[in-house]
Amino acid sequence: MGNLYAWGDNFAGQLGLGDKTDRSSRTQVGTFNDWQRVSVGPNHSCAVRRDSLWCSGMNNYGQLGLGDNTQRTTLTQVGISTTWAAIAVGETHTCATRASGTLYCWGRNNTGQLGLGDTVNRNTPVQVGTASDWVALTAGFEYTCGIRHDRTLWCWGRNTSYQLGLGDNVNRNVPTRAGTAAWADIAASYTHTCGARTDQTLWCWGENTYGQLGQGDNVDRTNPTEVGTGADWASVAAGRLHTCATRLKGTLWCWGRNANGQLGLGDTTDRNSPMQVGTATLWATVSAGRAHTCGVRVGNNVSCWGGNADGQLGLGDTTPRNTPTVVPGLKARPMRTGSNSFSNLSVG
């Protein structure tokens with residue numbers, strides 16, 4: 001638990017600071033010091049305190065879960081439940097689990113991304129099915145994926161680019177199991193998805209225009225396809241058109257679109273297979289946005305790189321960086337950058 005910090009794009013009030021002014025340096029959100037988890041999308045964000053869920057930003061589809069469609073520029077409590085666990089913010093929808101393992105979704109539902117069996121929007125949290133064993137969750141552009149206690153993977157919503165990993169491009173409006181493998185981590189994006197299995201292999205699927213699937217080519221995949229042959233992957237993050245992942249020895253690897261230096265490789269050349277980012281180790285987690293990336297190393301030191309037009313690197317300016325650059329004065333973990341976002345939230 002800790003203080004909540006925000007920086008980057010704030011045009012919809014998604015930073016929760018009571019205004020719509022961008023921040024190029026980390027700024028504390030409110031005075032509470034019991035924040036636990038965060039998730040931010042391109043237009044809205046949500047964060048979990050020790051006993052409650054709070055959201056702010058755009059609300060035109062009810063994605064804040066407040067029972068209306070009124071935009072908020074300050075974090076506002078969602079309902080009265082005190083048992084929220086994981087939280088995932090998508091483009092215009094939100095999903096979260098409770099401590100009981102039940103799953104709730106709300107917001108836009110035009111492609112079935114809420115998993116409720118229809119395409120009707122909701123402006124308050126609605127339980128998805130009857131399962132009570134959800135343990136992990138990720139939300140992308142109009143689709144959602146989750147992992148259950150038995151480590152099975154389930155996806156639903158938009159599937160026009162095969163991002164659900166079901167072997168076709170048909171949308172689903174209820175959670176649908178993707179294969180029979182056991183999964184440890186999952187990351188949804190704009191039109192591609194990546195996940196680490198319990199055997200520590202890494203797999204990606206969906207759109208591959210810029211090599212974001214890490215297959216050494218630019219061919220889309222309809223089903224999960226293994227990235228390389230390594231069995232030592234620890235975590236993965238999917239940006240809009242790029243992907244980054246950490247390995248068990250603490251090295252960081254990125255691939256895909258690199259027009260803004262979001263791969264951290266010192267240039268702006270796209271890559272279609274994983275490339276190690278520098279020689280540093282001790283990377284603990286990584287988070288990928290629309291055209292920037294942030295990573296946390298052991299000791300909770302944060303570095304960011306890539307596009308910076310909205311101050312999303314937290315470096316006090318709007319100058320892009322093409323290598324990891326330490327965010328001054330920030331020690332934070334966890335943090336979350338939405339796959340199509342120019343904003344960041346962190347707990348520190």
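Is Cys 244 buried or exposed? Cys 244 is buried, with a relative accessible area of 0%. Buried means under 20% relative accessible area, exposed means over 50%, and partly exposed lies in between, using a 1.4 Å probe and protein chains only.

First, some ground rules. This is a predicted model, in which local features need pLDDT of at least 70, side-chain atom pairs count only at pLDDT 80 or more, and totals for chains, interfaces and linings use all residues. Residues are numbered from 1 along each chain as its sequence is written, and side-chain values use heavy atoms, with hydrogens and water left out.

A disulfide is a covalent bond between the sulfur atoms of two cysteines. Here the test is a pair of cysteine sulfur atoms within 2.5 Å. Searching the whole structure turns up six disulfides. Number the bonded cysteines in sequence order, and the pairing reads 1-2, 3-4, 5-6, 7-8, 9-10, 11-12. Three of these links follow, among them the one made by Cys 244.

Start with Cys 46. Its disulfide partner is Cys 55, with an S to S distance of 2.0 Å. The link of Cys 46 and Cys 55 is right-handed, with 105° about the S-S bond. Cys 46 is buried at 0% relative accessible area. Cys 55 also counts as buried, at 0% relative accessibility.

Move along to Cys 145. A disulfide ties Cys 145 to Cys 155, S to S 2.1 Å. The link of Cys 145 and Cys 155 has 110° about the S-S bond and is right-handed. This pair links distant parts of the chain: Cys 145 sits in strand β12 (residues 143–148), Cys 155 sits in strand β13 (residues 153–157), and they are 10 residues apart. Strands (E, at least two residues) are DSSP runs, numbered from the N terminus. Cys 145 is buried, at 0% relative accessible area. Cys 155 counts as buried too, at 0% relative accessibility.

Now return to Cys 244. Which residue does Cys 244 form a disulfide with? The partner is Cys 254, and the two sulfur atoms are 2.0 Å apart. Why is this disulfide right-handed? The torsion about the S-S bond of Cys 244 and Cys 254 is about 110°, so the link is right-handed. Cys 244 lies in strand β20 (residues 242–247) and Cys 254 in strand β21 (residues 252–256), so the pair, 10 residues apart, links distant parts of the chain. Cys 254 is buried, with a relative accessible area of 0%.

Methods. Helices (H or I, at least four residues) and strands (E, at least two) are DSSP runs, numbered from the N terminus.
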